[in-house]
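Please look over the sequence and the model shown here before reading on. The report that follows takes up the metal sites, then the helix packing, and then the remaining chains.

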Amino acid sequence: MSQQHGPVTAAVMTGTMPDMPDHDGPLQHHFDDMAQQNESSALGMWLFLLTELMFFGGVMTAYAVYRYLFNAAFAEGASHLDVRLGTTNTIILIFSSLTMALAVRAAQMDKRKLLVGLLIATMLFGGAFLVIKGIEYAHKWEAGHVPGAYFHYEGPLANHVHLFFSFYFTMTGIHALHMVLGIGWMAWLVLRSARGDFGVGYYAPIEMTGLYWHFVDIVWIFLFPLLYLFGAGAAAGH
Amino acid sequence: MSDRAATPKTASERPPTRRRRSRYEGDVPREHYLNVAYGLKSWLFTIDHKRIAILYLLSITAFFALGGLMAVFIRLELLTPAGDLMTSEIYNRVFTLHGVLMVFFFLIPSIPAVFGNFFLPMMVGAKDMAFPRLNLASWYIYSLGGVFTLAAIVAGGVDTGWTFYTPYSSTYSNSAVALTAIGVFINGFSSIFTGLNFIVTIHKMRAPGMTWMRLPLFVWANYAAALIMILGTPVVAMAIFLVAVERLFGVGIFDPALGGDPILYQHLFWFYSHPAVYIMILPSMGVMSEVIACFSRKRIFGYGFIAASSLAIATVGFLVWGHHMFVSGQSIYASMVFSVLTMLVAVPSAVKVFNWLATLWRGSISFETPMLYAFGFLGLFTVGGLTGLYLGTLATDVHLHDTYFIVAHFHYIMVGGAVMGYLAAVHFWWPKMTGRMYSEWWGRLSAGLLFIGFNLTFFPQFLMGYMGMPRRYHFYPEEWQVLNVLSTAGASILGLGYLIPIIYLTYSLRYGPIAGPNPWRATGLEWTTASPPPQHNFEQTPVVTEEPYDYSKPIVNDLPAPGAGAEPKPSPAAPRS
Amino acid sequence: MSHDAHAADSPHIVPLSVYLTIFALLMVFTVLTVWVALIDLGPYGWLHTPLALLIASVKATLVVLWFMHVKYGSRLVWVFVVAGLAWLALLVGITVGDYVGRTWEPDPHAWQASADGADFRQLG
Ligand code: HEM
Ligand SMILES: [Cu+2]
């Protein structure tokens, strides 16, 4: 991930989280009532997820084209990924989605301690995912599979395998960046929850963060088979 | 029109704006959005959609001026067949910068970010956008994108053309591609946030009684444009992101040396950039509907068709992007499908044009400045759209592709259409935004100059292109010099036409006659509040009980005194119904 | 104001059991997709990718409907979700379609005939 993009996208994300109310009351001046405000922020968040879908859709399209063109080479490249680590990460993310969903439920039921605990659990699962991802990246680095000037691959179709790893790093990199931003945002929500900002009447920020987090999970649900499992049969078969 | 002659206009029928001094002098509300607070901070931290619109107005004007300066260099260079003013390297940077600034930093934000921001909440009867802070953030993001792009100029400029085609952009170009790409990438998010705000505002913030079929057509047009912003922009963001990543890290996604396909980039780019041309034109079309109805004093013809055609354009516009790739090596079967769909997308645009013509039919038309721009739009957009059909035809496009014919085609639409619509909007809503009238005489003069200058600049380019002059070269065979000289001469007139409004509009801020709430006696909620509007737009949330564009009833340029409940004074210029 | 019937002041609280069921299903499908990827499908090996995508779509649907509450959400959100998926399908479908189309050779004889008849270079 390039350094220039980090802060930029960070600004984007924080900007997109639905407008937070001032502390003197959750209802903003230009809305009539909370119902209108909540519906607006939910719709806004969904529209944002739509743009995220199309954003990932761009690189997915490119991936689809090359899968079509270089099927064998992509299977070859995929067989160098670690299915066990990938599966572990998938399971970790599902856990984190569960804790996130339950966090929203805790907020709806006014259970402040539970809410804080579940948010922290979600962050920890997210962190574990990133650590494992880091370990995988390190393996790839050692094996010379990081695309670019230092890419090194012995075997047939080296160029097309290079392309596969370009996609692997770009797609998982953007995904990981989304997770980092989500975790950072959640840290802020933990503080606010501990302060008692949320409860039955007002939990939209938790709910919106939940939508975002689940979306990031869904992206992984597709990346996992597209990148990891694709080569698994090849690896097992030979 | 015969019955027009039968009922000649008397002096008293003229709108009050023709008088030197308005009878509404003194009607400026004591407190409005411009004077609730002063100082730089009150602007930079504002979350008032009206002030954010003004911030956008100032910044896009600056970028327009810079882009215009680049156009001056281009036209000067092309005055002579030899490349004598600058080197090819410089020329490439100049036209790239012209395109990048004009497309991404002027035309795409222009009407939505300025007039959409200012008037969309007012038109639906809301106090503000749904997400005021996101709205302000979008302006900062826009500015940050602008800073990166300007930094790219300082770092040596970019020479890829506004399209950033690979593999030149990703591998070979020795210019500041990554900086510009990041600038455009960032800027995309400001567009996304504006679109997101529009959609939520239109869905959730409408005043009581403001049903979908009562929305002004400007709102419909911006809704359609917002859909494109949301669904298209992220794809071009990813395309440009991939180019930047490829350049910075040598990760070869479009690299033919690894078996990558540079044409894939064109798919991703045009998936957005063809619909993006509709981001530019749809809001202008919305302005047309407002202006034409108002200055024909007639209910708009075919309201439902105009509204639906906006949505149709937004949808079908996503299916034709391959017409930019007919000679790129794309499959001929894809080209055939794209060609057919391109013919199809012209239909909803034509539906609009015919509806506007039907609105003019038997209206009592008057020729105020905004209406002159609207007439300009009608003719020029039609020429641009029809020449698009030549380009969408496979066989003719092989000849015309990448010639000056293309340049003329899209300038007829983007300058003749979108910019004329933008200027119509400036002149139509200026009294509402500032509370002052500008000089009608100078307004008409510059509208006339722009029309003449525009045609003189770009019509010869159709001829050059037809004769085969390629775009993006800075020298050419001598037989095309006459046409190029004509074009440069036209560009000088065009430049003058842009300068004059800057002067008289600025002058009007201080010396213009007071406009009153509704100088054009137009319909629409934005005209029912004071000029300039109060901070929260309306004294009370309006309740809508009427159909849109009801020009059959008298409309006054006066607000009832608060609490007086008096009969509104009938307008001195009660329209013929 | 134009509100949906779902007034958000009284939140719809989804029972814990629902969340746990969805979670369990997601786990099952994860195991399933790994298993399907590892077995040898013999002549049906090409089915690996469609199956994997099918399972992923099912998992994503579970998340969207229950974890993201779309099942209980307004019709408007449904419309936008479906529109987003349709647009993605357009982007992927048409683009990949171009690449598939590039492999379809035009009829060589027809091609030959027209090339013999009129060489565009001589026309110029
Ligand atoms: C409505 C607003 C429109 C705008 C703003 C617009 C703008 C543009 C631009 C910027 C280009 C050139 C891009 C480049 O190569 O750098 C272009 C090319 C083209 N336009 Fe339009 N256009 C519009 C409408 C249409 C319509 C209605 C049609 C056809 C029905 C059309 C057909 C084409 C075709 C086929 C090309 C590609 C020509 C080629 O590159 O060979 N356009 N247009
Ligand atoms: Cu196009």
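This is a predicted model: local features need pLDDT of at least 70, side-chain atom pairs count only at pLDDT 80 or more; totals for chains, interfaces and linings use all residues.

## The copper site

In sequence, the donor residues of the copper ion (ligand 2) follow the spacing H-x48-H-H, where donors are N, O and S atoms within 2.8 Å of the metal (3.2 Å for Na, K and Ca), and water is not among the atoms, so sites may look incomplete. The coordinating atoms are ND1 of B:His274, NE2 of B:His323 and NE2 of B:His324, at 1.9 to 2.0 Å. Residues are numbered from 1 along each chain as its sequence is written, and chains are lettered from A and ligands numbered from 1 in the order in which they are written.

## The iron of ligand 1

The iron atom of ligand 1 has a single donor from the protein, NE2 of B:His409, which lies 2.2 Å away. B:His409 is placed in helix H15 of chain B; helices (H or I, at least four residues) and strands (E, at least two) are DSSP runs, numbered from the N terminus. Between the iron atom of ligand 1 and the copper ion (ligand 2) the distance is 4.3 Å.

## Helix packing in chain B

Helix H15 (residues 404–434) of chain B also packs against helix H17 (residues 481–511) of chain B, their axes coming within 11 Å and crossing at roughly 10°. H15(B) is therefore roughly parallel to H17(B). Axes are lines fitted to C-alpha atoms, for helices over the stretch in contact, with angles running from 0 to 180 degrees between N-to-C directions; angles under 35 degrees count as roughly parallel, over 145 as roughly antiparallel, 65 to 115 as roughly perpendicular and the rest as oblique. Contact means heavy atoms within 4.5 Å, and the residues that make it include B:His427 and B:Trp430 of H15(B) and B:Tyr498 and B:Tyr504 of H17(B). By class, the contact of H15(B) with H17(B) holds nine nonpolar, three polar and no charged residues, where Ala, Val, Leu, Ile, Met, Phe, Trp, Tyr, Cys and Pro count as nonpolar, Asp, Glu, Lys and Arg as charged, and the others, Gly among them, as polar.

For helix H9 (residues 217–249) and helix H11 (residues 303–316) of chain B, the axes come within 8 Å and cross at roughly 10°, so H9(B) and H11(B) are roughly parallel to each other. Among the residues in this contact are B:Trp220 and B:Tyr223 of H9(B) and B:Tyr303 and B:Ser310 of H11(B). The contact of H9(B) with H11(B) has 12 nonpolar, one polar and no charged residues.

## Chains A and C

Chain A has seven helices and zero strands, and 65% of its 238 residues are buried. Of the contacts in chain A with a separation of 6 or more, 79% come from residues 24 or more positions apart.

In chain C, C:Ile39 sits in the loop between helix H1 (16–38) and helix H2 (48–67), and it counts as partly exposed at 27% relative accessibility. C:Ile39 and C:Leu62 are 23 residues apart in sequence and 25 Å apart in space, C-alpha to C-alpha.

Note on methods. Side-chain values use heavy atoms; hydrogens and water are left out. Buried means under 20% relative accessible area, exposed over 50%, partly exposed in between (1.4 Å probe, protein chains only).
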